[in-house]
Amino acid sequence: MSADTSTYQPAAIPDEGTATQVYRIVIKATPQEIWDAITLPEFTRRYFHGAAITITPDGYASFGPDGSSWGDAEVLEWDPPNRVVHGWKSLYDPTLSAEAESRVTWEITPDDDGTCLLTVIHDRLEGAPRTASGVAGAGWMGVLSALKTLLETGEPLHPTFAGEQA
Amino acid sequence: MAEDDDAVFRALADPSRRRLLDLLFERDGRTLGELEEQFAMSRFGVMKHVRVLEEAGLVVTRKDGRSTRHFLNPIPIQLVADRWVDKYRDERVTALVDLKTALESRQEPRS
């Protein structure tokens, strides 16, 4: 295997592959519960780095625990409780907010065993390389596993987030 | 894809499948053809491995025009690690790891 890896030459393909990140998680909850957890600030505060996020057909707005704007974007698709697509700009960091807007798609697919698949596609990241590396891996992974913990146990993964509500 | 630790462990227990994940880690969103050309085995063989990874939730496919792109989904590995690593990460184990690190670092020449 190691010899194989060292001779491996990346093929030249268009960049759209790397400008897309996909995350999927199984959550034992109803589509409506997951939908509420994604779109209502009283839930997002408890798993999304403390951010109070409101998503409506009119727009996407995110505020940090100190009340500063963390995100403000258009909602491109609105199909409760299945699918919502919104713009993404990381306003909490000046370097990131200078980058082009990217796009986040949430898809909720019920399974027949009482669980749902929640898929997050963060794409159009071509013009936002720093945002891409910021949300990659541990970023979305942490948010989604905290969301799963919240919905399945009622407990936020990071107790400090709950404390910030008080 | 159901939540299934066994499926994740089974998927990771094969060197070709770990290599597929490494290839996607290196550059995500490859087509089957792009994955296949990195292997000496048949297209069918690679497909079979990709299928096992998909069933374990480690690979998610998306349609992109006429092609299907494959994306690495790291979440099942993270969840398995959370369940298993956290369980054994107690003080005894931590003490042993610290001891190992301390002993092994002594092999480095001291300046």
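Select the hairpin of β7 and β8 in chain A: 5 residues lie between the strands, and G114(A) has a positive phi near 85°. Strands (E, at least two residues) and helices (H or I, at least four) are DSSP runs, numbered from the N terminus. This is a predicted model, in which local features need pLDDT of at least 70 and side-chain atom pairs count only at pLDDT 80 or more, while totals for chains, interfaces and linings use all residues. Residues are numbered from 1 along each chain as its sequence is written, and chains are lettered from A and ligands numbered from 1 in the order in which they are written.

Stay on these two strands. β7(A) and β8(A) run antiparallel, joined by 8 bridges; strands count as paired if DSSP finds at least two bridges between them. R103(A) is opposite D123(A) of β8(A).

Next, select β6 (residues 83–88) of chain A, which is antiparallel to β7 (residues 102–110) and joined to that strand by 6 bridges. H86(A) has V104(A) in β7(A) as its bridge partner.

On β8(A), go to C116(A), which stands opposite I27(A). β1(A) and β8(A) are antiparallel, with 7 bridges. Of the 8 residues of β8(A), 6 are buried, so the strand is largely enclosed by the rest of the structure. Buried means that 20 or more other C-beta atoms, placed from the backbone, lie within 10 Å of the residue's own.

Now show the whole sheet: 5 strands, open and antiparallel, in the order β1-β8-β7-β6-β5 (chain A). β1 (21–27) and β5 (75–79) of chain A are the edges; each has a single partner strand, so one side of each has no neighbour in the sheet.

How values were computed:
Buried ≥ 20, exposed ≤ 12 C-beta atoms within 10 Å, placed from the backbone.
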